[in-house]
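Have a look at the fold before reading on.

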Amino acid sequence: MAKRAVMTGARTGDISAAADFMGPGAIEVNRYQTEIFDLVRRRFVFGQRITTVPATGQPSRYFEQLAIPTAGMVNPRTLATGTSASEPVRVERPVYLKAITAAINYSIFDVEVNQQQGQFAYLEAKDLTDTVDAVLKLHDQELWTGADNDLVYSSSTDYYGVSGQIVNAADLGGFYHGSVVAASGSLVNAVKTQVAQMASRTDFEVKPSALYMNPMFGDLFDQEAKSVQLYFNEVEVIPGVIVKALPTQIGLLPLIPDPAIVNLPSGGLTQYTGFIISEEFVEYHYLTSPVPRVFQLGLVGNLAAQFVVLKFGAPVAKGAGYCHGYIRAIR
């Protein structure tokens, strides 16, 4: 049997010994399946469900109304003395846009060798698509975990993650938009109570649409719900993805696992956080296009083709302190 070639980086130690076997009536050479086995994760659920809107500029701006004029009960015969003027309460909100990029270079020599061999004819297109997916994957992760801490005074090239916007938001009207579940407390009851609190507000009309959590946190819900048989409902959240749903005061609340949400270590235990989201009020403000754009920069000195993938925008959780909520548990 011939000696096998030894691969060293992109070079071979002995390219003359490429046959697997040589014998009477047979010369066996390396062949591969033409499809590459590929289960690499490219997208997360949250990024495929939120609203995308055009940015108004840099920063993108919108107005948020916090209250309507006040009214009062008065004596019908003394209307003038019982009336005082009031006005709506509105505030301006900015969203500072960020950028995500990825790049890939194609060597003209290697591309032409691959084309002439004809075994992986689709590879050039696949690699460019994978580069676009790299931008989308980072976008979906940054929606939750972006490390910036302000929507306008930027201290990082990251997004200001939706999780940070919600957890750091101020409570309004005496309602707490977050709760901490005791070590022996019920996770299911905590979610149902938190949603009931959000729905019982008289100052804002809130209707959460989903609970997002890391799959490991979701497993704790499953174990608890299995033991007490609390829910049997299922909801399709994106095509082909069906999740359990918890009955609450606003109807069925889908429990959506999203690996982009990170569980944190806490003194030998794990801190889990789930986010109760009103998805229609989480927006991605984009510049020019909500999907990544591909630019070809031309050939460089060695005739390599350069492609850059680009995406401009930023997420905002409108009404972070009352439209959305969270629960936290250390287990």
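Leaving aside its neighbours within four places in sequence, which residues is Leu-187 in contact with? The list runs Val-181, Phe-217, Leu-220, Phe-221, Glu-224, Ile-327, Ala-329 and Arg-331, where contact means heavy atoms within 4.5 Å.

A quick word on ground rules. This is a predicted model, so local features need pLDDT of at least 70 and side-chain atom pairs count only at pLDDT 80 or more, while totals for chains, interfaces and linings use all residues. Residues are numbered from 1 along each chain as its sequence is written, and side-chain values use heavy atoms, with hydrogens and water left out.

**Around helix 4**

Leu-187 sits in helix 4, residues 187-199; helices (H or I, at least four residues) and strands (E, at least two) are DSSP runs, numbered from the N terminus. Leu-187 has a relative accessible area of 1%, so it is buried. For the record, buried means under 20% relative accessible area, exposed over 50%, and partly exposed in between, using a 1.4 Å probe and protein chains only.

Now move to the loop between helix 4 and strand 10 (210-213), where you'll find Arg-201. Is Arg-201 buried or exposed? Its relative accessible area is 9%, so Arg-201 is buried. Not counting residues up to four places away in sequence, Arg-201 touches Leu-172, Gly-173, Phe-175, Gly-321 and Tyr-322. Its side chain also makes a polar contact with that of Asp-203. A polar contact is a pair of N or O atoms within 3.5 Å; within protein, one must be able to donate a hydrogen and the other to accept it, and residues adjacent in sequence count only if both atoms are side-chain atoms.

**The nonpolar cores**

A nonpolar core is a set of buried Ala, Val, Leu, Ile, Met, Phe, Trp, Tyr and Cys residues joined through side-chain atoms within 4.5 Å. The largest one holds 32 residues, and Phe-46, Trp-144, Tyr-212 and Ile-277 have the most contacts inside it. Elements giving two or more residues to this core include strand 8 (98-106), helix 3, strand 11 (233-238) and strand 18 (305-317). Helix 2 gives the largest share of this core, 5 residues. Apart from this core lies another, of 23 residues, with Val-188, Leu-211, Ile-276 and Cys-323 among them.

What does Phe-46 touch, not counting residues up to four places away in sequence? Its partners are Leu-143, Trp-144, Val-162, Tyr-212, Asp-258, Ile-277 and Val-282.

Val-282 is in strand 16, and it counts as buried because its relative accessibility is 0%. Beyond four places in sequence, Val-282 touches Phe-46, Ile-50, Thr-51, Val-162, Ile-277, Val-316, Ala-317 and His-324.

Glu-283 is in strand 16 too, and at 12% relative accessibility Glu-283 counts as buried. The side chain of Glu-283 makes polar contacts with the side chains of His-285 and Lys-318. Here are the side-chain pairs with their distances:

| Side chain | Partner side chain | Distance |
|---|---|---|
| Arg-201 | Asp-203 | 3.0 Å |
| Glu-283 | His-285 | 2.9 Å |
| Glu-283 | Lys-318 | 3.1 Å |

In the loop between strand 16 and strand 17 (293-299) lies Thr-288. Its phi is near 75 degrees, a positive value in a residue other than glycine. Thr-288 counts as exposed, because its relative accessibility is 60%.

Pro-292 is found in the loop between strand 16 and strand 17, but at 14% relative accessibility Pro-292 counts as buried. Setting aside residues up to four places away in sequence, Pro-292 touches Val-132, Val-135, Leu-136, Val-309, Leu-310 and Lys-311.

**A cis proline**

Where's the cis bond? The peptide bond from Gln-58 to Pro-59 is cis, with omega near 0 degrees. Pro-59 has its place in the loop between strand 5 (51-54) and strand 6.
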